[in-house]
Structures are given as structure tokens and as C-alpha cells.
Amino acid sequence: MRLSEMQVSSLSSAEHLHIPSGEGQAFWGPGDRCTFLVTGRGNSGGCFIVHCIVAPSGGPPHIHHREDEFFYLLEGELSVTVGDHTVQISKGNFVTAPRGVVHTYRDVGADNAQMLAVFTPAGMEGWFQDALDPAGDQCGLAPPPTAELNARMLAAGPKHGVEWA
């Protein structure tokens, strides 16, 4: 099957067609290493997908007012709370966190967990870029959160529709 000229043009206008393992824009989150797989620039604003390595720890409960968030666990064990519901998930499990609903997750296993987080529509990548530190080491784990990181996360929240619960 041959691609039409229009299909080729669409592919070349995408932000990325292929992200090799260990590459991609990466950030240190509070306990996570987050690597961008696709941003809204790569799909007309449809979604933002990020691969997260989650160390045994937990993130603060929060609400996204503009995006739905989806978690697909690739490896490890997480406890995920969405609203009043908490579930323990393992490899292959999928969880949805609708916009406007408080949610959080934490690694409850002995080892690091790996997950894909998908946001629809795109836009949350801006919060990651504004609030988090670039990850210089694509293979290392996130350093402990600092007071400066926490302050940037809180300050970037209103601009990107994130509220800390």
C-alpha cells in the first residue's frame, strides 16, 4: 500500500513519528521521571502521552479542570485513587480519571512502576515544562522533590487548570 501525497504531508507535519527508547523530552517530577511520547503539537491537540517511571512514593492529590487523564500500567503495582474509589492495579490495568475529579497514585510495590499517562485533550505538557526540572539523565531516577520544585508546581497549576486538593 502506498501513502498518498496528503498522508505523507500529514506525517511530516507531526511533531514526532518515532521516539526511540531512552529518548524524548524528559522531566523530573515529584518522584517520577516523565518522558514525552507525543504532545498536542504532534496530533492537532488531541492528546498528550507521557511515559512515567514511578519510584515507590506518591504524588499529591490534584484535579485537572481541562483534561481527562488515563493511566495504563506497564510494570509494577500502583494504588490509584479517583474520587472516593481506590484500586490496586498491576501490569496491564487501565484507570480513568475524568476532568474535575480529584485523583492521585502511588507506587506500592517493591520496585519502580512504569506507566503511560494519557491526557485528552493535550495541554498538560505545558505544566510539565513550566513546573518540572529537565531530566539530564534519561536512565536515572528522580531526585527527591525540593521546596523550589513544589513552589513551581503550585505556581504553574492555575495557568494549566490544575488544582491541588
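1. Accessible areas here come from the Shrake-Rupley method with a 1.4 Å probe. On that basis the accessible surface of the chain comes to about 8900 Å², and carbon and sulfur atoms hold 56% of that surface. The model is a predicted one.

2. The chain has 165 residues, and 38% of them count as buried. Its secondary structure consists of 3 helices and 12 strands. Among contacts in the chain with a separation of 6 or more, 70% are between residues 24 or more positions apart.

3. Seven strands make up an open sheet in the order β8-β5-β10-β3-β2-β1-β11, and the pairing is antiparallel. At its edges are β8 (94–97) and β11 (133–134), each of which pairs on one side only. In general, the strands of a sheet pair through backbone hydrogen bonds, either parallel or antiparallel.

4. Within the order of this sheet, β5 stands between β8 and β10. Strand β5 (residues 68–75) and strand β10 (residues 113–120) run antiparallel and are joined by 7 bridges.

5. The structure contains 10 aromatic pairs. One of them is formed by Trp127 and Phe128: the ring centres are 5.4 Å apart and the planes stand at 90°, so this pair is edge-to-face, a class that requires planes over 60 degrees apart. Both Trp127 and Phe128 are buried.

6. Trp127 also pairs with Trp164, with 6.0 Å from centre to centre and 50° between the planes, and this pair is tilted. Trp127 belongs to helix α2 (residues 125–131) and Trp164 to strand β12 (residues 162–164), so the pair ties together parts that lie 37 residues apart in sequence.

7. The two tryptophans can also be described by burial. Trp127 has a relative accessibility of 7% and therefore counts as buried, the cut-off being under 20%. Trp164 has a relative accessible area of 24% and is therefore partly exposed.

8. The aromatic pairs can also be viewed as a group. Ring pairs link Phe27, Phe36, Phe48, Phe119, Trp127, Phe128 and Trp164 into a cluster. The cluster thus includes Trp127 and Phe128, the edge-to-face pair of point 5, as well as Trp164, the tilted partner of Trp127. Phe119 of this cluster falls within the residue range of strand β10 (residues 113–120).

Conventions: Residues numbered from 1 in each chain as written. Predicted model: local features only at pLDDT ≥ 70, side-chain atom pairs only at ≥ 80, totals over all residues. Heavy atoms only, no water. Phe/Tyr/Trp six-rings, centres within 6.5 Å; stacked < 30°, edge-to-face > 60°. Buried < 20%, exposed > 50% of the residue type's maximum accessible area, 1.4 Å probe, protein only. Helix = DSSP H or I, 4+ residues; strand = E, 2+ residues; numbered from the N terminus. Contact = heavy atoms within 4.5 Å. Pairing = 2+ DSSP bridges.
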